[in-house]
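Here's a quick look at how one chain is built and how it meets its partner. Have the sequence and the model open as you read.

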There are 2 protein chains.
Amino acid sequence: MDSSRDPTRRSGRRPGQTQTREAITTAARRLFAEAGYDRATIRGIATAAGVDPALVVHYFGSKETLFREVTKLPPGVADTIAHLADGPRESVGRRLAEVVIASLENPASRDIILARIRSASTHPDAAALVRQTVEQDVLRLAANLDVDQPEVRATLVGSTIVGTAFARYIVGVEPLASLDAAALVDALAPTLQQYLTGEIGVA
Amino acid sequence: MDSSRDPTRRSGRRPGQTQTREAITTAARRLFAEAGYDRATIRGIATAAGVDPALVVHYFGSKETLFREVTKLPPGVADTIAHLADGPRESVGRRLAEVVIASLENPASRDIILARIRSASTHPDAAALVRQTVEQDVLRLAANLDVDQPEVRATLVGSTIVGTAFARYIVGVEPLASLDAAALVDALAPTLQQYLTGEIGVA
DNA sequence: GAGGGAATTCAACAATAGGTGAATTCAACG
DNA sequence: CGTTGAATTCACCTATTGTTGAATTCCCTC
């Protein structure tokens, strides 16, 4: 309280702006995650943030750039995934499953991931984001493991992750949607381990 | 040619109508599959079918019912899947993979499947279609195999199939998108076999 | 308390969408 | 030929959306 005396309120970003931007960002993430790029409207986001629609575009320029800003992955997750290769090789599948499910269970990161996946169906830019994450970040993990055909393995892992998120959170297929996180990790771990270090059919 | 003398042209459905309905159906499937429910417009479908937009709604009533009509699965596929349990148990994963990939490679059925999956992100009815297919049709297969936790197994299988379709055809992640069908079956078979008849972590 | 600049709102535009109802073409039949 | 009924088109309405530019409020500084 008494933020009115905040000394940073001079020329830089002031609490007012920061706070409003934050509110818009959070609301936009939630709506993009729940409705996808097309159905999430600037008006809806503005209302959810308690703000005029014009203010949203005033801060973010356009719906397109708003989406891009808001669905950026926090820095470090890519490295976290890639460095799973440093641990014991025989448990890399399980550890990857743990990281993925944890990200999906945390509401903040879940909104970012679901916004991307849900929007990928109709919004080419969102599809590109998903594609890059698999082709770059997951690929780094596979490459670090020194296995054959790392690209194919990365995409199989990616499709498993995307499929799980899609089925559990977007389609809501039961009982997968209600399964607790630990059980889901148990089910996913062997599959990911197989894709990462096992034999894959292709020659 | 000379369809003008067709005797069925009396009171029942005439070639003219049938032909036009068919053209609209095909165009609608393609556009729903390529763009999803929201971005596929009645106008676009009508143009693709070489027809006036009003004719589309004249025949199908509304965009909603058009979508429902056009994304119906051909009768028999549900049974085909369920009866995979009749064959040798140790190859059920591979045979399911073959059926699924074949359906996705055939342009006609692919459009139906992709229209459903792509629209599921933003259109609740489409999500319900996907959900039902997994919770009913795939579940029947699992149940016919007499394994424990058939529901969990069905959803894991479903998420694998949906994830593969999503990654390969919608996101277009490489090299998965360019992989030939046989190689894809090879990669998927062990996973599906594991989910259907193997140990799954959950107690 | 007056000035100024940012934060915020208001009103409106142009584009696009699904849907409707009247009008029109068309082909078969008496 | 002229009627009939379906097939098809036309013009139009309403709702929504992204976006814009002017107006207004707000808060700090002098």
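From the N terminus on, the elements of chain A run α-α-α-α-α-α-α-α-α-α, which comes to 10 helices and zero strands. Helices here are DSSP runs of H or I with at least four residues, and strands are E runs of at least two, numbered from the N terminus. This is a predicted model, where local features need pLDDT of at least 70, side-chain atom pairs count only at pLDDT 80 or more, and totals for chains, interfaces and linings use all residues. Residues are numbered from 1 along each chain as its sequence is written, with chains lettered from A and ligands numbered from 1 in the order in which they are written.

Now for the partner: 41 residues of chain A are in contact with 41 residues of chain B (C-beta atoms, placed from the backbone, within 7 Å).

| Helix of chain A | Residues |
|---|---|
| H1 | 15–39 |
| H7 | 107–120 |
| H8 | 124–144 |
| H9 | 150–171 |
| H10 | 181–197 |

H9(A) supplies the largest share, 14 residues.

Back to chain A by itself: its C-alpha atoms fill a box of roughly 60 × 35 × 30 Å along the principal axes. Of its 203 residues, 41% are buried, meaning that 20 or more other C-beta atoms, placed from the backbone, lie within 10 Å of the residue's own.

Over in chain B, 10 of the 14 residues of H7(B) are buried, so this helix is largely enclosed by the rest of the structure. Among them are B:Ile112, B:Leu114 and B:Arg116.

Methods. Contact = placed C-beta atoms within 7 Å. Buried ≥ 20, exposed ≤ 12 C-beta atoms within 10 Å, placed from the backbone.
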